[in-house]
Amino acid sequence: MDIAIIGIGHMGLTYAQAFVHTSIVRPDRLWLVDPSPRDPELATRLSAYPVAVTPNASLREAKLVVLCVKPQDFAALAPQLQPYLSEAQLVLSVMAGVTVASLQHALGCSRVIRAMPNLPAQVGQGMTVFTAAEAVDRAALQLVHNLLSTTGKTLYVDNEALLDAATAVSGSGPGYVFTFMQALIDAAQGVCFSPAEALLLVRQTVRGSIELLEQSEADCTTWVGRVASRGGTTEAALDAFAKG
């Protein structure tokens, strides 16, 4: 299958690398289309990717077009793309907030899939929630599922509104996790650990906690109870969280 990825930012390059690395797409069947002003550092970043950067015209040959541009740029970009797209093509969008109906109307394509990935996709540990228009058949849905799975876990939902909910949970979630971790790091340094020691303490604590959750059937509340002894320091800290 010939695939075109529109937008050569972090997400576009993440998909290019994942598709090629897992051998799900041959490098000569994958094209990167750069619709934005040329980034002076782009050539350096692209040197690690054995794929071609091409103009919009290449979209005519692609069976799947992946939209990895910023949502705020889509309104201006859509009229430039529409002449190169056809009803037969499959379109996958990872733009937050741009609905399936809006994509169909702006691009003149009915076979549209919308997905919400997150930042850990860059290291193959992403969480992607996706949905599809009625015109997308089971075979196309399975194809996109396989492609998205090259960057981590996937979840299909029938209700498109859940993609907005996923944006708040898994899409933004890494930001919440990093904020919490940084607060712990700052607190550790506040009680005289060095920056390197504080980072080690927090990083391993989070990693270990995830492994506990992964390797058992106990839920988060159960694990909290196992850590927080009655009358102990953890319980006191959790009480402070609840009050503050």
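**Exercise 1: Strand S4 and its partners**

Task: determine which strands pair with S4, and in which sense.

Solution. Step 1. Strand S1 (residues 3-6) pairs with S4 in the parallel sense, over 4 bridges. Here two strands pair if DSSP finds at least two bridges between them. Helices (H or I, at least four residues) and strands (E, at least two) are DSSP runs, numbered from the N terminus. The model is a predicted one, in which local features need pLDDT of at least 70 and side-chain atom pairs count only at pLDDT 80 or more, while totals for chains, interfaces and linings use all residues. Residues are numbered from 1 along each chain as its sequence is written, and side-chain values use heavy atoms, with hydrogens and water left out.

Step 1. Buried means under 20% relative accessible area, exposed over 50%, and partly exposed in between (1.4 Å probe, protein chains only).

Step 2. Together, S4, helix H3 (residues 71-81) and S5 make a right-handed β-α-β unit. A crossover is right-handed if, with the strands pointing away from the viewer, the path from the first strand over the helix to the second runs clockwise.

**Exercise 2: Strand S5**

Task: describe the two faces of S5 and trace the chain from S5 to S6.

Solution. Step 1. S5 is covered on both faces: Leu90 and Leu92 on one side, and Val91 and Ser93 on the other, are all buried.

Step 1. S5 runs parallel to strand S6 (residues 112-116), to which 3 bridges join it. Val91 stands opposite Val112 in S6.

Step 2. From S5 the chain passes through helix H4 (residues 100-107) to S6 in a right-handed β-α-β crossover.

**Exercise 3: Aromatic pairs**

Task: state how many aromatic pairs the structure holds, and classify them.

Solution. Step 1. The structure holds 2 aromatic pairs. Tyr15 and Phe19 form a stacked pair, 5.5 Å centre to centre with 25 degrees between the planes. Rings of Phe, Tyr and Trp (its six-membered ring) pair if their centres lie within 6.5 Å; planes under 30 degrees apart count as stacked, over 60 as edge-to-face and the rest as tilted.

Step 1. Both Tyr15 and Phe19 lie in helix H1 (residues 10-21), 4 residues apart, about one turn of the helix. Tyr15 is buried, with a relative accessible area of 1%, and Phe19 is buried, with a relative accessible area of 1%.

Step 2. Phe130 and Tyr156 form an edge-to-face pair, 5.4 Å centre to centre with 65 degrees between the planes. Phe130 lies in strand S7 (residues 126-132) and Tyr156 in strand S8 (residues 152-156), so this pair ties together parts that are 26 residues apart in sequence.

Step 3. Phe130 counts as buried at 2% relative accessibility, whereas Tyr156, at 33%, counts as partly exposed.
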